Amino acid sequence: MPKTTRMHHFKLSNMPKLPILVLATFAINLFSTISFSQKVVVSGFVEDKSNGERLTNAVVYLGDNRNHVLTNNYGFYSILAPAGQTEISYSYVGFNTVALSLKLHKDTLVNIRLEPNATLSEVLVTGSKTGKLGKIEIIPSKLKEMPSIMGETDLIKALQYYPGVQSGMEGRSGLYVRGGGPDQNLVLLDGVPVYNVNHLFGFFSIFNPVAISSVSLYKSDIPARYSGYLSSVLDIQMKEGNNKEWKGDFTLGLIASKLTIEGPLKKEKSSVIFSARRTYLDILMAPILAISNKTQGTETMAGYYFQDINLKLNYRLDAKNHLYLSFYTGLDKAYINDKYTLQQTIRDINNLKWGNLTSVLRWNHVFSSKLFSNTHVSYSQYKYQTNIHSTVTMKRPTGGEYSDSYSYRNFSGINSISQNTRADFYLNSVHHLQFGFSNTYFVFTPGSINYEEKIVNDSTLNTKVEYVNANVYAYKANLYVEDQIDLDKLKLNIGAHYSGFLHKGTYYQNFEPRVAMKYLFSDNVNVNLSYTGSAQYIHLVSNSSGGLPTDLWLPVTENVKPATSVQYTAGISYEMKKNYRFSLEAYYKTMDNLLEYKEGASYFTTTDNWENSVTQGKGTAYGLELFVEKKLGKFTGFAGYTLAWAWRKFEDINMGREFPYKFDRRHDMSLVGHYRFNERINLGAVWVYGTGNSITLPTQRYTPLEEFYYKYGQVADILEYYGNKNSYKLPAYHRLDVNINLIKQKMKGIRTWSFGVYNLYNRQNPYLLYVKEMNGQKKLYQRSLFPAVPYFSYNYKF
Amino acid sequence: MKTTNKTIILSLIIMFCVLSQSCEKEIKLNFGEEDKMLVVNSVICPDSLVKVRVSYSQQILANEPVFFVNNAQIRLFEDGTCIDTLAWLGQGKYVSRHKPQTNKVYGIEVSDGKRKATANCRIPDVASIAWLKSDTTYDQMGFAYPGVTIAISDKPGQKDFYRLFLKRKAGKIEPGDYFGNTVFAYNDEAINAQTGPLDAIGNYIEYGTYRNYNKIELVFSDKSFNGTIREIKLSEIRMVINKTLFIHLHTLSEEYYKYLYSIKNKPDEFFSEPVGIYSNIENGLGIFAAYNEVVDSIFHDLYPN
């Protein structure tokens, strides 16, 4: 039987004229610039002098500062410089800039080690060091200088302060980028996709900042090397480990502690970093439960914890070859175990656990001063599991005991194994080509239930039932090429990504064009334009606002089509005295084949055939983002403001009428400040404001047709009037967080006490609404999650 | 060290005190007299006089009984011309002297002096039953399970909406004669399977008095069989006491279908996405819709030998 082949693609006629023109320019330009002379290639790695870590996105400048390149994710750079006496500068946020004057006659290898500058007070997080709009970079080591929830610094929450990036619900780690959903973000940890980034139902993210070296979030201008998700790419690189000396970092917080150890396995050649974090709510609860058990005569153990373990090994085989092995595992576990005795003894063991596992083996190879390659094979897994086991022990009338038991197990998840090869080819001073391909094999476990009952006395009564949704297998192939073109004042990044997805004989394919253009009017003013086409083949089936462990990843099917999006952006950036930066960016995004639950459906109705419970439709998002940043000095910080609209339109929802997206937030503002009094004391503050989320709230009730109103002579049903879907706006969200860090140099290290308050002025932000009836009168109430919450943490770096 | 311990203990006490605070707050919904909307409910068909019921909507949290509008002026329009003003019957009910006619467009204008609501609908064509077939099956014990296949001849080139149900008595059923009005099926899943990929709202099932016995009612569109003959097979029909089944096939106006669709999808779970109930009333709520009906019957000779 022939297999169905579905071809789904961006039509060329739908592409705007701008990218076609730019592509044509690129083709002409590529060949016109090949002829070069009196130039030599300077290449190498940029490293942190203190620990030998290679630095991602460090800037390498030639003389006039205009001609520059960034180091790639592995610290490698290659730049074409004029032969003869040439000045090259190397800079990175938080490090002293190194300027070299070289006499160049031939291609030269220059490995540079930058020295951290402890006294240099630079911004905690930065838009982009090169004035590129649409990209946010964060320096994880600086995050502890920002306020946090209960002392747990969080990468994702720091990103939520940026214009265009929103948090969903209070305290959640979901990312809502420019009107997109939380499932539209590609999250890469050392190049491996991570499928669930949440701990504790989304209140914390899985990323332990101590183990992370760099974080980049692309909201637009997404380079062609990334694909698979509609709204953003979050690229997180784990630290490599100190290859000079053994170092450690220990943090004791209110709810969690962290330990990081790193050091050389073979000096300057090989290093390891191990980092672990665990919460101890369960340990803190133990004495309370013990008292309760003692007074009530029960034996109950209950608790919740989450943990993360990061491990990375790297080995420099020689100057051209480098191997990395990195590993991450995270787990959330909630449990209640109890034992009680009446006429019989019942012992229950109940637990719910979920977590990620990622591992990757990477090989970096420098073919020449112009060609660098990275190949990796990786494995990523997310699984969720519920276990319930109960044993009933009874006494025999004739003496002795016997016991019956039953157990229930429910699990679901996703596994993927992939190969990815990427090359950086620095063709000449104008073109930096990147190209590669990848293959990914997916195994989805949509959900399976095992039930087993054992009757000791009579094995014929034993029951074993399995409800298994068969595993779903799928394959994805990707192929891309991109070119960073540097034409003095005009910088272009042009690329294309081909993706194909095969599932049960249905093959979907997409061509995803990417064009980003930056024009420098002067040294401090530039204009950015971009066009990004994206496609997404896996969907998160969820009707929560993101963060529940039961959320299920499932692939496109014959009936559920791939989601696609197109985004246009235009922006301007102005830099004043290298200290202040202003940027203004507008975006317009359309999305097709978005997935939503049908009206009346929920997670609990999707256990048999999830395709029947979902529907596909369109989305539109547009807005304006303003960003002001102060980068240097005792006071640093930024202000971000977003004016945005986000809409959805589904044939089966809201009578087919357009409605605001749940997180359509008209105004979103953040003020982030950090003041450094001296070496020992620094103060941080964050104020956020956002228009309330949109919800569907009934405001009136009314009578239906008589056939529904009366049944069996009684009033049976009253209808509720909701108006338009998501037409009710919750009250605005705002809060102020502050913290102070007290730093002291000790004999063998540095200790830091951090004190802070989350939601300082105790704003009662709405988390959920509900109706309560008191004295026969119904009233509507809101519940807030976090009042003013003080916290502290203790950190020791040795 | 002592200071450190004190700091930790104090911080913990403060934290737990603050967390134990109540974070509940009442939200006021601003709902005034002017926010009340006219609720107009009426389904018309050629067999009956036009009847309309009018009430006011209430604030969602109100605990008072429904307030019917007894002073409304209701005008009835046929193809754009006013043909009648409806008479008040009491309890918000109004009646016209006219019976609507097939394929004509009817409109109503309801006014309470402050608000004016309007709506239109067309009386659809009567449906065509191509044929009926009795499909009785027998179990191992020899008990009969009557079944019936109904073939609907759909008109091409237009959207049609149907509602199908069975009765055991001809004509109007008296109030309270519940069993006379209803035909039960033992297993709704079997019916689902046999109706095939019908673009149906689903088995529009109302749970009956007896456990596991469900009233059969199908509401569906012709999306999957436009312009063709569609067979619908119902099996394991129970309590065919008189051996005669009356098949009622309604053609619905699109408004009626959308209304029934949204009522059917009304969620009953806390986590479900809420459903807005369809309304075609301008400046009001409710429904003004139409249907047309054809009734046929089939005799089940359960044990011919």
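Tutor: In chain B, 49% of the 305 residues count as buried, where buried means under 20% relative accessible area, exposed over 50% and partly exposed in between, with a 1.4 Å probe and protein chains only. This is a predicted model, in which local features need pLDDT of at least 70 and side-chain atom pairs count only at pLDDT 80 or more, while totals for chains, interfaces and linings use all residues. Residues are numbered from 1 along each chain as its sequence is written, chains are lettered from A and ligands numbered from 1 in the order in which they are written, and side-chain values use heavy atoms, leaving out hydrogens and water.

Student: What percentage of chain A counts as buried?
Tutor: For chain A it is 58% of 798 residues.

Student: What about the accessible surface of chain A?
Tutor: About 32,700 Å², with 60% of that belonging to carbon and sulfur atoms. For chain B the figure is about 15,600 Å², of which carbon and sulfur make up 51%. The areas come from the Shrake-Rupley method with a 1.4 Å probe, and for residues only the protein chains shown count as cover.

Student: Let's zoom in on chain B. Is strand β23 enclosed or exposed?
Tutor: Strand β23(B), residues 244-252, is largely enclosed by the rest of the structure, because 9 of its 9 residues are buried.

Student: Which residues point which way?
Tutor: Thr244(B), Phe246(B), His248(B), His250(B) and Leu252(B) point one way, while Leu245(B), Ile247(B), Leu249(B) and Thr251(B) point the other; all are buried. In a regular strand, side chains alternate between the two faces of the sheet.

Student: Which strands does β23(B) pair with?
Tutor: One is β15(B), residues 161-167, antiparallel over 7 bridges, with Tyr162(B) opposite Thr251(B). Another is β24(B), residues 284-299, also antiparallel and joined by 9 bridges; there Thr244(B) stands opposite Phe299(B). Two strands pair if DSSP finds at least two bridges between them.

Student: Switching to chain A. What is the strand order in the open sheet of 4 strands?
Tutor: The order is β3-β2-β5-β6 in chain A, with antiparallel pairing. Strands β3 (68-70) and β6 (98-104) are the edges, each pairing on one side only. The twist averages 20 degrees from one strand to the next, with axes as lines fitted to C-alpha atoms (for helices, over the stretch in contact) and angles from 0 to 180 degrees between N-to-C directions.

Student: How many bridges are there between β2 and β3?
Tutor: Strand β2(A), residues 59-62, pairs with β3(A) over 3 bridges, in the antiparallel sense. Tyr61(A) has His68(A) as its bridge partner in β3(A).

Student: Now Asn415(A): buried or exposed?
Tutor: Asn415(A) is buried, at a relative accessible area of 18%. Asn415(A) lies in strand β26(A), residues 401-426.

Student: What does its side chain make a polar contact with?
Tutor: With the side chain of Gln381(A), at 3.4 Å. A polar contact is a pair of N or O atoms within 3.5 Å; within protein, one must be able to donate a hydrogen and the other to accept it, and residues adjacent in sequence count only if both atoms are side-chain atoms. Beyond its neighbours within four places in sequence, Asn415(A) has contacts (heavy atoms within 4.5 Å) that include Tyr379(A), Tyr441(A) and Phe442(A).

Student: Aromatics next. How many pairs are there over all chains?
Tutor: The count is 38 aromatic pairs. Rings of Phe, Tyr and Trp (its six-membered ring) pair if their centres lie within 6.5 Å; planes under 30 degrees apart count as stacked, over 60 as edge-to-face and the rest as tilted. The pair Phe442(A) and Phe501(A) is tilted because the planes are at 40 degrees, with centres 5.9 Å apart.

Student: Where do those two lie?
Tutor: Phe442(A) is in strand β27(A), residues 431-454, and Phe501(A) in β30(A), residues 490-503, so the pair ties together parts 59 residues apart in sequence. Phe442(A) and Phe501(A) are both buried.
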